[in-house]
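Biologist: Hi! Could you walk me through this model, one piece at a time?

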Amino acid sequence: MVLVTHHVEEIPPSFTDVLMIRDGKVVAAGPIPLTLTAENLSATFGLPLVLEQHGERWSARAES
């Protein structure tokens, strides 16, 4: 199954991998625990973001 989203909160806990794309180019790809990082997410969206994990779910917000 493929899910396309701009919201990490929507990633189901059962998903194993992530592909991050910006301007048609791959920023990062691989297993969620290794690839879904604040650094990769910030590079994908082009702004500094904070990424947090809450149990099996994720959230992101602008860095203050």
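Modeller: Happy to! Let's start with a pair of residues: Asp17 stands opposite Pro31 in β2. Before we go on, this is a predicted model, where local features need pLDDT of at least 70 and side-chain atom pairs count only at pLDDT 80 or more, while totals for chains, interfaces and linings use all residues. Residues are numbered from 1 along each chain as its sequence is written, and side-chain values use heavy atoms, with hydrogens and water left out.

Biologist: What sits between β1 and β2?

Modeller: Two residues lie between the strands of this hairpin. Asp23 is in that loop, and its phi is near 50°, a positive value in a residue other than glycine.

Biologist: Is Asp23 buried or exposed?

Modeller: Asp23 counts as exposed because its relative accessibility is 71%. Buried means under 20% relative accessible area, exposed means over 50%, and partly exposed is in between, using a 1.4 Å probe and protein chains only.

Biologist: And Val26, buried or exposed?

Modeller: Val26 is in strand β2, and at a relative accessible area of 57% it is exposed. Not counting residues up to four places away in sequence, Val26 touches Leu19 and Met20. Contact here means heavy atoms within 4.5 Å.

Biologist: How far apart are Val26 and Thr44?

Modeller: They are 18 residues apart in sequence and 8.7 Å apart in space, C-alpha to C-alpha. Thr44 lies in helix α2 and is buried, because its relative accessible area is 11%.

Biologist: What does the side chain of Thr44 reach?

Modeller: That side chain reaches the backbone oxygen of Asn40 at 2.8 Å. Leaving aside neighbours within four places in sequence, Thr44 is in contact with Met20, Ile21, Arg22 and Val27.

Biologist: Which residues of α2 are buried, and what covers them?

Modeller: The buried ones are Asn40, Leu41, Ser42 and Thr44. Their cover includes β1, β2, α1 (32-35), β3 (49-54) and β4. Just after α2 comes Gly46, with a positive phi of about 75°.

Biologist: Switching topic: how many bridges join β3 to β4?

Modeller: Six bridges join β3 to β4, and these strands run antiparallel. Leu49, for instance, has Ala62 in β4 as its bridge partner. β3 and β4 form a hairpin with two residues between the strands, where Gly55 takes a positive phi near 65°.

Biologist: Where is Ser59, and what does its side chain contact?

Modeller: Ser59 is found in β4, residues 57-62, and it counts as buried because its relative accessibility is 17%. The Ser59 side chain makes a polar contact with the side chain of His54, at 2.8 Å. A polar contact is a pair of N or O atoms within 3.5 Å; within protein, one must be able to donate a hydrogen and the other to accept it, and residues adjacent in sequence count only if both atoms are side-chain atoms. Leaving aside neighbours within four places in sequence, the residues in contact with Ser59 are Val8, Glu9, Val50, Leu51, Glu52 and His54.

Biologist: Last one! What volume does the largest pocket have, and how many residues line it?

Modeller: Its volume is about 580 Å³, and 21 residues line it, with Leu3, Val4, Thr5, Val18 and Leu19 nearest its centre. β1 (17-22) and α2 (38-45) are the elements that give two or more residues to the lining, and β1 gives the largest share, five residues. On a 1 Å grid over the protein atoms alone, a pocket is an open set of points where a 1.4 Å probe fits, with protein on both sides within 12 Å along at least five of seven lines, and lining residues have an atom within 4 Å of a point. Grid points are joined across faces, edges and corners, and a volume is the space filled by probe spheres set on the points.

Key
Helices (H or I, at least four residues) and strands (E, at least two) are DSSP runs, numbered from the N terminus. Two strands pair if DSSP finds at least two bridges between them.
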